[in-house]
Each structure stands twice: as structure tokens, then as C-alpha cells.
Amino acid sequence: MFDLQNIRSQFPILSQKVNGKDLVYLDNAATSQKPLAVLDAWQKYYTEINANVHRGIHTLSQLATEEMELSRRKIQKFINAKNDFEVIFTKGTTEGINLIAYSLMNMIKENDEIIISYLEHHSNIVPWQMLCERTGAKLKVIPIDQNGILQLDFLDENLSEKTKIVSVNQVSNALGIVNPVEEIIAKTRAKSDAFIIIDGAQSAPHFKIDVQKLDCDFFVFSGHKLYAPMGTGILYGKEEILRKIEPFHGGGEMIETCSFEKTTYADLPFKFEAGTPNVGGNIALGAAIDFIENIGHENLQNHENALLDYAQKKLLEIEGLRIYGEKAKRTGVVSFNLEGVGISSDVGMILDKLGIAVRTGHHCTQPIMNFFGIAGTVRASFAVYNTFEEIDILVEGVKKAQRMLG
Ligand code: 7TS
């Protein structure tokens, strides 16, 4: 059964006051809050078993290693990867994408093509631009229409043997649009041998991921957006590709043998995990996965979709309020502006005085903002612990901001 009060009680941070008001936390696309089970797992690691992993034969080191590897297997199941060694710990989506861009570099030549979409976060744009600058490859961008919907005809016209990488997000962070990645993958596979990368930073927190069914080559996400500590993230890669590509960072843990003449690399996943990992964070990420699975994906999604529908309906009752991507299929995010209010942060500041946390500005997606001819939006983003009452408070806050600024 879905028990919202019980879920909320697991997040001590939510019961505080901010600026004298009950906190209404609606900035979950930036980062989610952490439940007690995650905080406890983190604290238990540091109070009871803190030790470096994979190195020592002593007991604590073995316990730390076992716990972190248990977490890896939980994540394997969570995304339905075929093997646990296809799951690589990173510090987040950004690091995951940079790792892939670097590791694929020596397979990319001048005039090869890399396709991304208009809806990407800067972290799925800049690493590819850097790769293009280093190799002479060209970046191509799937366009959107006025609803923010990707125009997939572009793929029919542009996919070819020259296409070497296709990297798109499954859900847009700025607009919450759910992109048809299944169709993008099918079109790509039909016309090229490109590596396919899915940025799951905004999808993994909201719906069930199945990397085998998707048939992507890489899938990346951040732990901190899915109830786990900051500095955690996952890169999934298909075994045969991970075996073939170069490691990103060199150092301890990722070697098999090291001499001044030649170094050989460790087996998967360690080849991609140089240096001391975030052991406590990675263990707590496993606790976050347990938290989600205890609630159940269906319950989580039903509640979040109901919140989004309700927020959209209530906000649209405000005259002069525009929601970007209003007609597209969305999850977790409503992004809007008020007519006559040029600066979204003015709205955000008034909401903050009322205890309501939203994000304003360009959300690290400047191309989307340029497309709509705006500097930014007000973005409310939901997690499983949000309530309908909180949306009422948001709507009243937006009305107040409109009266003050209009
Ligand atoms: N990709 C998408 C789709 C994202 O939403 C984000 C972060 C990233 C990549 C980068 O993730 P990181 O954990 O490595 O920073 N998005 C946001 C956001 O919307 N507000 O703050 C961070």
C-alpha cells in the first residue's frame, strides 16, 4: 500500500521550517532529499566498517568491499543489466558522460558524426563538443517543435554510416519531457553502428529502467537525484564495449600489472574505477535502491504522475501562465513563466520567502531557453514524498508572486 505520511516521515529534512514557513521542497530534479535508511547506511559505514576496499585482507576492508559489491548487484537488478561488472561507480551523470566521451575518442575520426538532441543538459552537450574539437568530428542536433517534442524525421535524414555516437536523455531536466528513446534506438540501429548513450539522470528516479530491453550501449545516472548521497552515480555499459574501449582515469585499482615499461588493466568493472571510490556513498546508493523498490515503481509513478497532472491543471488556471512542453508527455517536472514577468528568479525569490524551494533560470539547458526566446523558467519538480497540499501552496505562492510583480 502507498502510505505517503509514512514515506514523508522517513525524510527528517522535510519537517523543518524555512523562512518561518513549512518547507515545500520542489527542487527534486536538482537533487532529492535522503530517507533515513540512506542516512543510516552511510553513517553505519563510517561508524562501523570504514576501510578502503579491494586492497586489504583485514576484516573491515573485506566487509566494506562486500557491502559495496552488494550495492553493485542491487543496481544491476535495478536497471536489469546482464552482469554486475557492467555497473561502474562514478560520481554522477556528468562524470559518466565524460568517461564515455574520453574512452571512445580513439575510435572517432574527422568528419564522423555525433548526434545529440536540443533537449540536452549541458553535460550531454559539452563533452561531445570537446570530443569534436579533438577529433574533427561534427555535432548534429535533433530539433524540437514549439511543444518541445523531438522531431525524429531528422534521424531519417541524418543517420548514416558516418554516425558514430547518438547520445540523448530519456527525460529532459528543464521541461520534464519523456523522449521516445526506444524509437531513437531502433532508428539508429537500423542505419548505423553508432554507440548509443542514454542520459538517465531524470528518468531513473521516476520509472523502471531495463537496459537490456532498451538495448542501449551505455546508460548513465546520478545517485543524488534518486534519494542517494551526492557524489554517487552509475555508468552502465555493455560488456563487449567496456572490454574494447580505453579507460578514462589511470591510477590505483584499475591496473592488473604496472611497470615503467607497460601497464595492463584490471578486469571489469575495476578498469574504469581508478582511485579510492566513494565507498560510503556507493553503499548508501544501494539503500536508496531498496527504498524505491520497497515503495514499488508502479506506486511511485502513479503518485508522481498524479502530482504532475494536478500541478499542471492548477497552474494553468492562473491567467498569463505558460507551461513549456505543456502538450508533451512528461514526468516529474513543470516548467513555466508568468506573462509580463521577465525574470524567473524574481518569482523564485518570492516563493522562497514562502518556504517553497523551486529552481529558476536556464537549468543548464541554454539551447532550450534560446529556442523559446527566454532567459529561464520557474521549475517545480516532484519526488515521491510531495503532496497535493504542497502543490496548492505552490499555486497560491505563484499567484502572490504575480500580484507582486505583475
Ligand atoms: N543530465 C541531466 C538530464 C540532468 O538533469 C543533470 C543534472 C545532469 C545530466 C548532470 O547531473 P550531475 O548529477 O552530474 O550534475 N540536472 C540538474 C538540474 O536539472 N538541476 O540541477 C542539476
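Helices (H or I, at least four residues) and strands (E, at least two) are DSSP runs, numbered from the N terminus. With that settled, I looked up Asn19, which sits in the loop between β1 (17-18) and β2 (21-22). Its phi is near 50°, a positive value in a residue other than glycine.

**Entry: ground rules.** I am working with a predicted model, where local features need pLDDT of at least 70, side-chain atom pairs count only at pLDDT 80 or more, and totals for chains, interfaces and linings use all residues. Residues are numbered from 1 along each chain as its sequence is written, and side-chain values use heavy atoms, with hydrogens and water left out.

**Entry: a cis bond.** I checked the peptide bond from Leu268 to Pro269 and found it cis, with omega near 0°. Pro269 belongs to the loop between β12 (263-265) and α10 (279-295).

**Entry: domains.** The protein chain splits into domain 1 (4-30 + 296-405) and domain 2 (39-293); the bounds come from an automatic or database domain assignment. I read 28 Å between the C-alpha centres of domain 1 and domain 2.

**Entry: the interface.** Counting contact as heavy atoms within 4.5 Å, I get 36 residues of domain 1 against 32 residues of domain 2. Domain 1 and domain 2 bury about 2900 Å² between them, 62% of it on carbon and sulfur atoms; buried area is the accessible area (1.4 Å probe) that two parts lose on being put together, summed over both.

Polar contacts are another matter: 16 residue pairs turn up, both partners at pLDDT 80 or more. A polar contact is a pair of N or O atoms within 3.5 Å; within protein, one must be able to donate a hydrogen and the other to accept it, and residues adjacent in sequence count only if both atoms are side-chain atoms.

On the side of domain 1 that touches domain 2, α11 (297-316), β14 (333-338) and α13 (366-372) each supply at least two residues. The largest share, six residues, comes from α13.

**Entry: the ligand.** Of the 15 residues around the ligand (a heavy atom within 4 Å), Thr94, Asp199, Ser222, Arg359 and Arg379 come nearest. I noted a polar side-chain atom of Thr94 2.6 Å from a ligand oxygen atom. For Ser222, a polar side-chain atom also lies 2.6 Å from an oxygen atom of the ligand. Asp199 has a side-chain N or O atom 2.5 Å from a nitrogen atom of the ligand.
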